[in-house]
Amino acid sequence: PEAFLAALRGTPQITLINVHVPYEGELPGTDAFIAFDTIERQRNRLPPDKDAAIAVYCLSGRMSEIASRTLRDLGYTNVTELRGGMIAWHRAGFP
């Protein structure tokens with residue numbers, strides 16, 4: 001969670017995507033909600049620049065891991081995921 005927060009704060013043009021289904025809450029500043037298993041079909045909702053910074057998260061980390069892999073397979077080069085998901089985020093004391 002600390003590294004994820006540092007990436008969010010240190011990258012001015014980062015797209016924050018909640019990939020968890022069903023909806024279980026969100027982190028402040030979330031830009032989009034795209035289900036982890038629909039990333040490829042909804043690529044029109046992703047930044048067109050393959051080098052754009054993208055951060056993904058879910059509740060436990062499992063779905064964001066899959067989404068991160070899919071984004072990399074689509075050619076995105078600057079993908080960050082919240083390992084442990086929102087559960088780890090809250091355990092670290094973040095809102």
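Modeller: Before we start, one term: buried means under 20% relative accessible area, exposed means over 50%, and partly exposed is in between (1.4 Å probe, protein chains only). Helices (H or I, at least four residues) and strands (E, at least two) are DSSP runs, numbered from the N terminus.

Colleague: Fine. What kind of model is this?

Modeller: This is a predicted model: local features need pLDDT of at least 70, side-chain atom pairs count only at pLDDT 80 or more, and totals for chains, interfaces and linings use all residues. Residues are numbered from 1 along each chain as its sequence is written, and side-chain values use heavy atoms, with hydrogens and water left out.

Colleague: Start with helix α1. Which of its residues are buried?

Modeller: F4, L5, A7 and L8 are buried in α1, which spans residues 2-10. They line one face of the helix, because they fall within an arc of 160° seen down its axis. That arc is taken from the directions from the helix axis to the C-beta atoms.

Colleague: Why would residues three or four places apart point the same way?

Modeller: An α-helix has 3.6 residues a turn, so residues at that spacing point the same way.

Colleague: And which exposed residues are on the face of α1 turned away from the buried side?

Modeller: E2, A3, R9 and G10.

Colleague: What do the buried residues of α1 pack against?

Modeller: They pack against β1, β3, β4 and α3, which is 85-91. Contact here means heavy atoms within 4.5 Å.

Colleague: Now the sheet. What is the strand order?

Modeller: The order is β2-β1-β3-β4, in an open sheet of 4 strands with parallel pairing. Two strands pair if DSSP finds at least two bridges between them.

Colleague: Which strands stand at the edges?

Modeller: β2 (32-33) and β4 (78-81). Each has a single partner strand, so one side of each is left without a neighbour in the sheet.

Colleague: How many bridges join β1 to β2?

Modeller: There are 2 bridges between them, with β1 covering residues 14-18. β1 and β3 are joined by 5 bridges, and β3 and β4 by 4.

Colleague: What does N18 stand opposite in β2?

Modeller: N18 stands opposite F33 there. In β3, the bridge partner of N18 is Y57. Further along the sheet, A53 has N78 as its bridge partner in β4.

Colleague: Is β3 enclosed or open?

Modeller: Strand β3 is largely enclosed by the rest of the structure, because 5 of its 5 residues are buried. Both faces are covered, with A53, A55 and Y57 on one side and I54 and V56 on the other.

Colleague: Which helix lies across β3 and β4?

Modeller: That is α2, residues 62-73, running at about 175° to β4. Axes are lines fitted to C-alpha atoms, for helices over the stretch in contact, and angles run from 0 to 180 degrees between N-to-C directions.

Colleague: How many residues are in the largest nonpolar core?

Modeller: It has 16 residues, and those with the most contacts inside it are I17, V19, I39, L46, L71 and Y76. The largest share, 3 residues, comes from α2. A nonpolar core is a set of buried Ala, Val, Leu, Ile, Met, Phe, Trp, Tyr and Cys residues joined through side-chain atoms within 4.5 Å.

Colleague: What is L71 in contact with?

Modeller: Leaving aside neighbours within four places in sequence, L71 is in contact with I39, L46, I54, V56, Y76 and V79. Apart from this core lies another, of 13 residues, among them F4, L5, Y57 and W89.

Colleague: Last topic, loops. Where does P22 lie?

Modeller: P22 lies in the loop between β1 and β2. The peptide bond from V21 to P22 is cis, with omega near -5°.
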